[in-house]
Amino acid sequence: VLSCGAACLSFAMPAAALRGLLCAVVLAARVGSGQSSPDEERTEATVWDFIVVGAGTGGSLCAARLAAKGADVLLLEAGKWDGDWLYDAGRANGRNGPDNVWGYPTRLPGQLTVQNSAPYRKRINAGKIMGGSSAVHGDVYDPPPEREFEYSGLHSWDGPRIRAALDSIEADLSLKFYGYENLDDIPDAQFFVIEKLMKHFGLQHNRRGNVGSAKGGLSAGWVYFRSGTTEHVPGEKRHTSYGDMVPRFNGTASESGGSAGSVTVVAEALAARVLLEGGAAVGVEWRNRGGASHEALATRAVLLAAGAVGTPKVLTLSGIGDPLELQRLAIPVQVVNREVGAGLADHLAMFTWFVISGSDLVDSMLNGTGCKNREWFNMFFNLTGPPTGGDGIVDAEVRFFAGCNATRKTVDFGVEAVLLHPESKGRVVLASANPEVMPVVEFPPLWESDYDRLELIYKRLAEALGMLPEDFANERGRPLAEVVRSDAYLYQHVCCSARVARPGEPGVCNEDLQVRGVSGLYVADAAALPFTPSSHTSAPALLMGELAASSAWEATAGRTPPARVEAARRGQTRASRAELLARQSSSATASEEVPRVPLPRSGVMLPLAGLGTGTLPQERITGAVATFIRRGGRHLDTAVMYDNYAELRAGVVASGLENRSSLVVTWKVMPLGRDYVNKAVDTALKELDVESLDLALLHWPGDITSGKLMHGKPIPDCVSKESDPASGGAVHSWQACRRESYAALLEERKAGRIRAVGVSNFAAKHLDDFASEGLEPPAVHQMEIHPLWHDDDMLVRARRDGTIIQGYGCLGGKHTGATLLRNEGFRKISLQTNKSPAQVLLRWAVQRGASVIAGGSSEKHIGDNLDIFDFELTPTQMDFMDSIDPDAMKRMYGPAPEEIL
């Protein structure tokens, strides 16, 4: 940190000279981007008990189960850190949004498509955010029949074992039924159809979906394995297996009764290959978002849960696969297994409709409340086997949607038939040995027998309803067989690309989900399913994660780690591993690369870039904090007024940061008197789970008489009323409250519960009053700073008093319509510096001598807000940004501190 003598203050202070005085804090603190080339020599490896690749449905549960048994788990996720454990369907871009999904390219025959919106009908989508596909796709919990695998020949997966595994899963997930438990509540027109179907097929009524009952039957709703609604109401939150299960492992008791395990999560960590030595999996090579390669080693096992497309990709990149494919990709052969990527399967479906018209049922429905377009009921049955299926394999699923057409006075039924066990198979094909290139999903022409059986479902429905099969053709005069072959689609329930098989049969995994020919390597997601399940795939994926965790734990107990792994483990502590992982996972600003400035009278080293949480939606804070820490940020800003301690603490836990001492938390409290401040400190320490608050600020000097900041709360007794000559009325004076509250913070610092004390949004008169009372100057003054508002006199005073200025609102605030970010002049500087407008604005504040806090919840914005220390604005650029007419300056946030007495 540079400094100049007190004589500097006697000079006249034009803008450029003022900057020369004030920016000394940071101008010398230039650092590199922290990025490294993929070709650089790899750094040392981190060591864990288990490594799980993929934080989706199966992988998240698997990692949580292992941690519950006392294991130390690394969870690598190639997608971004969404972080809001509760997925908000209303705010997201939908299941096919490019920010949320990997759109794997396909080669499909003829007119075959995928059940997706128009841009993605030739792609297989998988979740690209924490929580995987469960976070972006439908959220039905629909388990397979208990004896489905046993009846197919996998006798070790018998009914009792599957039931026990499902019971364990269901005990930990929030299951909720949406629909009608009582069929008497169904509108008459729908019940008319239901009655015919149940009678014809001999179906039982499953009151709460298919959970814990025989599979075959009819249900007027679904069970969801996350809280949510069938209609995806904006703002409704959904839990994922990631959010419900992973963040809890931060020191809770383990199932084994020993020390609790933990799960450390790294987002945007692309698995490049499994490391193999002597026929055993010893770790994973992974790349961070900047392309730098790193290694993580496992003392016990590696479990792959990268999805039905991603898992065979990782196996192939590791040299496990078809030798001809490996030769084509120039990948050395480690284990020959021609089934890797083969056997890819999916449910086959078609949607059509029929109508009911000209009956009293229609008239009563049109005049009632049952006309809402929605799915009303579903059924599972066997085409050729027992009529109700029971606890074994079920062939067919049919979903019925209904609504009304008031113009033609009809009740319209949409009918989606799903063939649950098609014989046609596809494969996953790697286009390149580069792990960053997405593989291709390839399907040859489907077997005619599959189309025939899909057609048969509609024929059976026609029989039940007294219709002709052609009545289900969506175009009059077209044969049903032709319609099925032109309109059928893949249901996007892909599975089975690394399937389990019995001894002597082709497959990738044995019945313990261990990859054949490789010890210590398991598959823990839908890729391991032996065939398409008689259900949706979310519950079966959870089941694979449950079984894989159990198998890996039992099989690797007492395993002697390879010499290389053991040597790396001996030289590593938990703290050193955490720091190493933080460096490895950050492709931009690492924690030590964000410049820091010492706070007076405290020993606190304040990072010059921090995360503001006051303007973030409550449900985004946890994810934003975790992302910020993962990207190298170490300064968090909160306040009593923000009411977000729980979310902030959860984000710190979820980030995996073990060296909490590197984290600085700024905390703010209103000046409501000594007792209030003391109690607020108690609450903050407890709910943030910290021993002391790094930096405590008085949030405002008080409130204006109209009460803008108190939000209707009672005015404290320490506020006095004074006459106002201008209005003839009384105004509130906060002077006594301010003094008392500031003194309370200083006392808390003396007691060791606060390390540094400061203020926020104060005017010069408030600081003068403190000085007159002999109170020391604040260590930090947090205030609004941006090109449309900067108090240069306050900056000069801060320099004189040794106070660090902390700027907020540097980007102008969302409520202004992003005026600053859209400014043409600032955008030109953005182009000149190859930085975003936001980075330019933050850098401007830093070069004026301020530390900065900025909001943001997306990975990109958070990363950009930290990445501001590898460039400088030129004097010309700074002069332009300083050149706003003083008369045009305006605050974005209020009230004006000068108005507070």
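## Overall picture

A residue counts as buried under 20% relative accessible area, as exposed over 50%, and as partly exposed in between (1.4 Å probe, protein chains only). By that rule, 58% of the 901 residues of the protein are buried. The model is predicted: local features need pLDDT of at least 70, side-chain atom pairs count only at pLDDT 80 or more, and totals for chains, interfaces and linings use all residues. Residues are numbered from 1 along each chain as its sequence is written, and side-chain values use heavy atoms, with hydrogens and water left out.

The protein has 24 helices and 36 strands. Both are DSSP runs numbered from the N terminus: helices are H or I with at least four residues, strands are E with at least two. A contact means heavy atoms within 4.5 Å. Among contacts with a separation of 6 or more, 73% join residues 24 or more positions apart. The protein exposes about 34,200 Å², and carbon and sulfur atoms supply 50% of that area. Accessible areas come from the Shrake-Rupley method with a 1.4 Å probe; for residues, only the protein chains shown count as cover.

## The barrel

Strands of a sheet pair through backbone hydrogen bonds, either parallel or antiparallel. Here two strands pair if DSSP finds at least two bridges between them. A barrel is closed by 8 strands in the order S27-S28-S29-S30-S33-S34-S35-S36, with parallel pairing. Direction ignored, neighbouring strands of this sheet are turned by 30 degrees against each other on average. Strand S27 (residues 609-612) pairs with strand S36 (residues 850-854) over 3 bridges, in the parallel sense. Within this pair, Gly-610 stands opposite Ile-853 in S36.

Helix H17 (residues 674-688) packs on the sheet and touches S29, strand S30 (693-698) and S33. Its direction makes about 145 degrees with that of S29. Such angles run from 0 to 180 degrees between N-to-C directions; axes are lines fitted to C-alpha atoms, for helices over the stretch in contact. Helix H16 (residues 645-655) lies across strand S28 (635-639) and strand S29 (664-669). H16 runs at about 160 degrees to S28.

## The open sheet

A sheet of 5 strands is open, with the order S6-S4-S22-S21-S16 and mixed pairing. Strand S6 (123-127) and strand S16 (342-344) are the edge strands, and each pairs on one side only. From one strand to the next, the twist averages 40 degrees.

Strand S21 (residues 426-429) and strand S22 (residues 440-442) run antiparallel and are joined by 3 bridges. Val-428 has Val-441 in S22 as its bridge partner. Helix H7 (residues 307-317) lies across strand S4 (101-107), S6, S16, S21 and S22. The angle of H7 to S21 is about 55 degrees.

## Helices H2 and H12

Two packed helices are described by the angle between their axes and the distance between the axes. For helix H2 (residues 57-68) and helix H12 (residues 538-555), the axes come within 8 Å and cross at roughly 35 degrees. H2 passes H12 in a right-handed crossing. A crossing is right-handed if the near helix is turned clockwise from the far one by less than a right angle, and left-handed if anticlockwise.

H2 contributes Thr-57, Gly-58, Leu-61, Cys-62, Arg-65 and Leu-66 to the contact. H12 contributes Ser-538, Ala-541, Leu-542, Gly-545, Glu-546, Ala-549 and Trp-553. These residues divide into 7 nonpolar, 4 polar and 2 charged. Nonpolar covers Ala, Val, Leu, Ile, Met, Phe, Trp, Tyr, Cys and Pro; charged covers Asp, Glu, Lys and Arg; the others, Gly among them, are polar.

## Individual residues

Most residues other than glycine have a negative phi. Leu-513 has a positive phi of about 70 degrees although it is not a glycine. Leu-513 sits in the loop between strand S23 (489-490) and strand S24 (521-523), and is buried at 0% relative accessibility. Asn-761 also has a positive phi, near 65 degrees. Its loop lies between strand S33 (754-760) and helix H19 (764-772). Asn-761 is buried, with a relative accessible area of 6%.

Two alanines are exposed. Ala-406, in the loop between strand S19 (396-405) and strand S20 (410-419), counts as exposed because its relative accessibility is 60%. Ala-555 belongs to helix H12 and is exposed at 54% relative accessibility. Its C-alpha atom is separated by 8.3 Å from that of Gly-520, 35 residues apart along the chain.
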